[in-house]
Amino acid sequence: MEQDALGVMWEVLHAQDEAGLLQAMRGAMATISCEQVLYGIEMRLPQLGVVQHITSGYPMPYQQLYHQRAFIARDPTVTHCQTRTDPLVWSEKIYVPANHEIMEESRHHGLGYGVSLPVHESPRVVGMLSLARDQPFASAAEETRTIQAGEVLAACVHMASQRLIVPGILESKRPRLSPQEGECFKLVAIGKSNWDIGQILHISETTAAFHVKNVLKKFGVSTRMQAVAMGVALGMIS
């Protein structure tokens, strides 16, 4: 069993893409006493608000229903993992009348029981691994083993996501700057004025101001410092 667990960790950490990561996560289910798996990551980016991404092995009809009915806004497992660091074992107690529909649909699709495990990397980056099954845990010991194995898997999946998922999230949010706008932005980031930029890039101050104005517009901000803050959050400035 220990060898199987090590193999699962290796597969997760060495996945080549998101599809491979999901395949490795599904493979882990054989060692965790669960049948379905989902991993979600939430990034709270300055000026951009909350960005969420889900890698789901849940049945597609349920995924579609979950999206169509905006279950994410009422899902108690999501709320728990956003705000707490302890594992959450699913039971009727976590639901209130406003989200009983989620419990009923989850059970209908074979996802009625399980555990959700938060991974709080920082105040800005939170991950969540959910392990689902069709029946309640047979014993407290089985539940404990599942939580312990799940915590290791959650940490591995979160690490893999930093390499496979987060770069794509950031890339999708980055404004498309022209080459000259990009050069101007790099100089703005180190505190250069429009006059300085013009001197360094051998363009007029007016042209430099024009490019900087376009940069701010593409970022959707009104000040240079706001643009720089977003650039740092999006990995455009190191």
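Buried residues are those under 20% relative accessible area, exposed ones are over 50%, and partly exposed ones lie in between, with a 1.4 Å probe and protein chains only. By that rule, the buried residues of helix α11 (residues 224-233) are A227, V228, M230, G231 and A233; helices (H or I, at least four residues) and strands (E, at least two) are DSSP runs, numbered from the N terminus. The model is predicted, so that local features need pLDDT of at least 70 and side-chain atom pairs count only at pLDDT 80 or more, while totals for chains, interfaces and linings use all residues. Residues are numbered from 1 along each chain as its sequence is written, and side-chain values use heavy atoms, with hydrogens and water left out.

- The buried residues of α11 pack against β1, α7 (166-173), α8 and α10 (205-219), where contact means heavy atoms within 4.5 Å.
- After α11 comes G235, which has a positive phi, near 75 degrees.
- E181 belongs to helix α8 (residues 179-189), and this residue is buried, with a relative accessible area of 6%.
- Leaving aside residues up to four places away in sequence, E181 touches R176, H211, N214, V215 and K218.

**Helix α2**
- In helix α2 (residues 18-28), the buried residues are L21, L22, A24, M25 and A28.
- Seen down the axis of α2, these buried residues fall within an arc of 160 degrees, so they line one face of the helix; the arc is that of the directions from the helix axis to the C-beta atoms.
- A19 and Q23, by contrast, are exposed on the other side of α2.

**The largest pocket**
- The largest pocket holds about 520 Å³ of space; a pocket is an open set of points on a 1 Å grid over the protein atoms alone, where a 1.4 Å probe fits, with protein on both sides within 12 Å along at least five of seven lines, and its volume is the space filled by probe spheres set on the points, which are joined across faces, edges and corners.
- Its lining has 29 residues, of which L38, I54, Y66, D75 and V78 are the closest to the centre; lining residues have an atom within 4 Å of a point.
- Helix α3 gives the most to this lining, with five residues.

- A70, in the loop between α3 and α4, has a positive phi of about 50 degrees although it is not a glycine, and A70 is partly exposed at 41% relative accessibility.
- H202, in the loop between α9 (194-201) and α10, has a positive phi of about 60 degrees and is exposed, with a relative accessible area of 72%.
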